[in-house]
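Please look over the sequence and the model shown here before reading on.

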Amino acid sequence: MTSTVIQYFSYKHLSGKLYEVSKMVAELAELMEAKLPDGAEKSAGMRKLLEAKDCFVRASLPIKEIK
């Protein structure tokens, strides 16, 4: 059974760095979805990978100076 979290790894609507970073994580998510058996640990791992993707995307954004 495919997890419901996988839908949040979509990236084709993005551009530039956001696309590149999101695509890398989405490919890993798709691999984990396909290779691992369903269960609580897989679900937790997918949620944590989604959180990590959000962090990686933010890390790819330009840093604005605080004045």
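In the charge count used here, Lys and Arg are taken as positive and Asp and Glu as negative, while His and the chain ends are not counted; the place of a charge is NZ of Lys, CZ of Arg, CG of Asp or CD of Glu. On that basis the protein chain carries 11 positive and 9 negative side chains, and the centres of the two sets lie 4 Å apart. This is a predicted model, in which local features need pLDDT of at least 70 and side-chain atom pairs count only at pLDDT 80 or more, whereas totals for chains, interfaces and linings use all residues. Residues are numbered from 1 along each chain as its sequence is written, and side-chain values use heavy atoms, with hydrogens and water left out.

**Whole chain**

- The protein chain has 2 helices and 0 strands, where helices (H or I, at least four residues) and strands (E, at least two) are DSSP runs numbered from the N terminus.
- The C-alpha trace spans about 50 × 25 × 15 Å along its principal axes.
- Of the 67 residues, 28% are buried, with buried meaning under 20% relative accessible area, exposed over 50% and partly exposed in between (1.4 Å probe, protein chains only).
- Among contacts (heavy atoms within 4.5 Å) with a separation of 6 or more, 62% join residues 24 or more positions apart.

**Core**

- A search of the whole structure finds 1 aromatic pair; rings of Phe, Tyr and Trp (its six-membered ring) pair if their centres lie within 6.5 Å, and planes under 30 degrees apart count as stacked, over 60 as edge-to-face and the rest as tilted.
- The ring centres of Tyr11 and Tyr19 are 5.3 Å apart and their planes stand at 70°, so the pair is edge-to-face.
- Tyr11 is buried at 12% relative accessible area, whereas Tyr19 is partly exposed at 29%.
- Ser22 lies in helix H1 and counts as buried because its relative accessibility is 1%; beyond neighbours within four places in sequence, Ser22 is in contact with Tyr11, Leu14, Lys53 and Val57.
- Met24 is also found in helix H1, but counts as exposed at 53% relative accessibility.
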